[in-house]
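Morning, everyone. Please have the structure up on your screens while I talk. I'll go through confidence, then strands, then a pair of helices.

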Amino acid sequence: MAIHRTPLVVGAIVGIPLIVFLALGFRHDPNVIESPLLGKPAPSFVLRDFDGGAVDFASLRGQPVVLNFWASWCQPCVAEHPLLVEAARRYAGEVHFIGVVPTEDTADAVERFTRHLGKWGPAYHDADGKVSIAYGVFKLPETYFVASDGTIVHKVAGPLDRRTLEQSLEALL
Amino acid sequence: MRRAAGLGARASRIESPLRGVLLAAALAVLATALAQAQPVEPPGVPVETAPSAGEGARDRPAEAAGGDADSGTGRVSRAQDDFAPLDEAELVGPPAGPPIAGEELESRTRALASRMRCPVCQGLPIADSPSASALAMVSQTRDLLARGYTEKQVLDYFVRAYGEFVLLEPTTKGFNLVVWLLPVAGLLLGAALIARRLRSTRRAARSGADPSRPDGDDDLDPYLERVRSEIGS
C-alpha cells in the first residue's frame, strides 16, 4: 500500500500545534480568573460602614492588610469566618483586617451575621460595586493580601482554608 | 457504478489531506464547547442568589455621614455629598475625551457593554446579564463614559482588574493572534488543497486519461471490470 506523504505532513502541521494548544488549555481551570493585580498596587478607596464610619484604604499603608470581600448570604463566607476571627485576634496590631460587603447587603443582615458568628473586623459597604470591580472580584468570598507597601501579594478566590491563610499571613509579615 | 467507484476513490484521495484539517477543526469545536461548559455560577458563588437591589439594598443611614476618626484602623469621617469611593484617574489616568450624556451615552454604553464578558455568567456580555455584578459593571461603564473616558480607557480599566478574560473579543496581539489567524490559515490551506486537486484532475483530462478512474490498481480487479462491463461503460 502506497503511503501518501502529503496528508501526513498536513496532518502534522495542523494537528500537532492544535494538540499542544488544547493540552495547555485543558490544564487551566475555566473557573479560575487569574488576577492581573498581583504584584501591583492595591487600588485605593474610601468606603463607609453601616455604623457611621468610613475607611480610607490609603491611610492603612505601612501595615499589611487582609482585604476580604464577603456577603451575609454567602455560605462559603460562613465557612471561612471562624478562621478570620481567629487570625484577626492572633495578628491584632500587626495586620489590618478589612471586610467589604456588596451592594445588595444590608446593615441588618451584616449585624445578624456578625452577632451570630463573631466579628473579625469592620465591614464596609461597597454601595455601587465600584470597589469590587476595581479589584476584579467575581466570586465571593475573595481575599486579597496586601503588603505594608500597598502591593497585592496574594489573592484567594473562594473560601480560605487554615493553611492558606496562615501561609499568606506569614508571607505578609 | 464505475463512476461511483471512481468518485469514491477520488473522494478518498481528496479527503486524506483534508481529513487532518477537519479532525483538527472538530477537536477545536469540541474543546471550545468543553471550555465553555462551566456552570453559570461556580459552586459556592452566591451572587445570583443574592436579594435584588430592590429587596435588599438600602441607603447608608444619614448618621453615617460623619464617623469617628480612628487612625489605627484607617477609619475617617466623610461628608456624604462628595463621596466617591474610588479615584479612577489613579488607575487609568484622566479622561481623554469630552463628557457625554443623553442618547449618545446610552448607545455607547450599550455598545461597549456588549463587548465585555460577565464574570459570573456563561459567555454572556454584561449588557445582557441580569446579575448584580454585570449591572454594576454596566453602571461603571456608563459613569466612566459620561465623564469623558474613551472606550479604550474604559476597556483598559476593566482589563486592569479582570484581565483579558473580560473581553469577549480577544485582542489581536501576542498569542491571541492564533485565534484570529488559525481560521484564515485553515481556509487558505483548504483552498490550496482543492486547487491542487483540481489542477491535477484537469491535467489528467488533457492528457486523455479518465480522471474519474484511479490509477493502476483497478485494472487488477476482475470484479470491478465485470461490473463495468455489465453497466456498459
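Start with confidence in chain A. It is lowest in helix α1(A), residues 5-26, with a mean of 80. It is highest in strand β3(A), residues 65-69, at 98. Keep in mind that this is a predicted model. Chain A as a whole averages a pLDDT of 91. Of its residues, 95% score at least 70.

Stay with β3(A) for a moment. Which way does it run against β6(A), and over how many bridges? The two are antiparallel, joined by 5 bridges. To find your place, look at Val66(A): its bridge partner in β6(A) is Phe145(A).

Now β6(A) itself, residues 142-146.

β6(A) has another neighbour, strand β7(A), residues 152-157. Again the pairing is antiparallel, over 5 bridges. Glu142(A) has Ala157(A) as its bridge partner in β7(A). The two strands form a hairpin, with 5 residues between them. In that turn, Gly150(A) has a positive phi of about 90°.

Next, strand β1(A), residues 46-49. Val46(A) and Arg48(A) point one way. Leu47(A) and Asp49(A) point the other way.

β1(A) pairs with strand β2(A), residues 54-56, antiparallel over 3 bridges. Leu47(A) is bridged to Val55(A) there.

Asp49(A) has Tyr124(A) as its partner.

Last stop: chain B, and two helices. Take α4(B), residues 102-113, and α5(B), residues 132-146. Their axes come within 9 Å and cross at roughly 130°. The helices are therefore oblique to each other. The crossing is right-handed. Which residues of α4(B) make the contact? They are Leu105(B), Arg108(B), Thr109(B), Leu112(B) and Ala113(B). From α5(B) come Val138(B), Thr141(B), Arg142(B), Leu145(B) and Ala146(B).

That's my tour. Over to you.

Terms used:
Residues numbered from 1 in each chain as written. Chains lettered and ligands numbered in written order. Predicted model: local features only at pLDDT ≥ 70, side-chain atom pairs only at ≥ 80, totals over all residues. pLDDT = per-residue confidence, 0-100. Helix = DSSP H or I, 4+ residues; strand = E, 2+ residues; numbered from the N terminus. Buried ≥ 20, exposed ≤ 12 C-beta atoms within 10 Å, placed from the backbone. Pairing = 2+ DSSP bridges. Axes fitted to C-alpha atoms, helices over the stretch in contact; angles between N-to-C directions. Parallel < 35°, antiparallel > 145°, perpendicular 65-115°, else oblique. Left-handed = near helix turned anticlockwise from the far one by under 90°. Contact = placed C-beta atoms within 7 Å.
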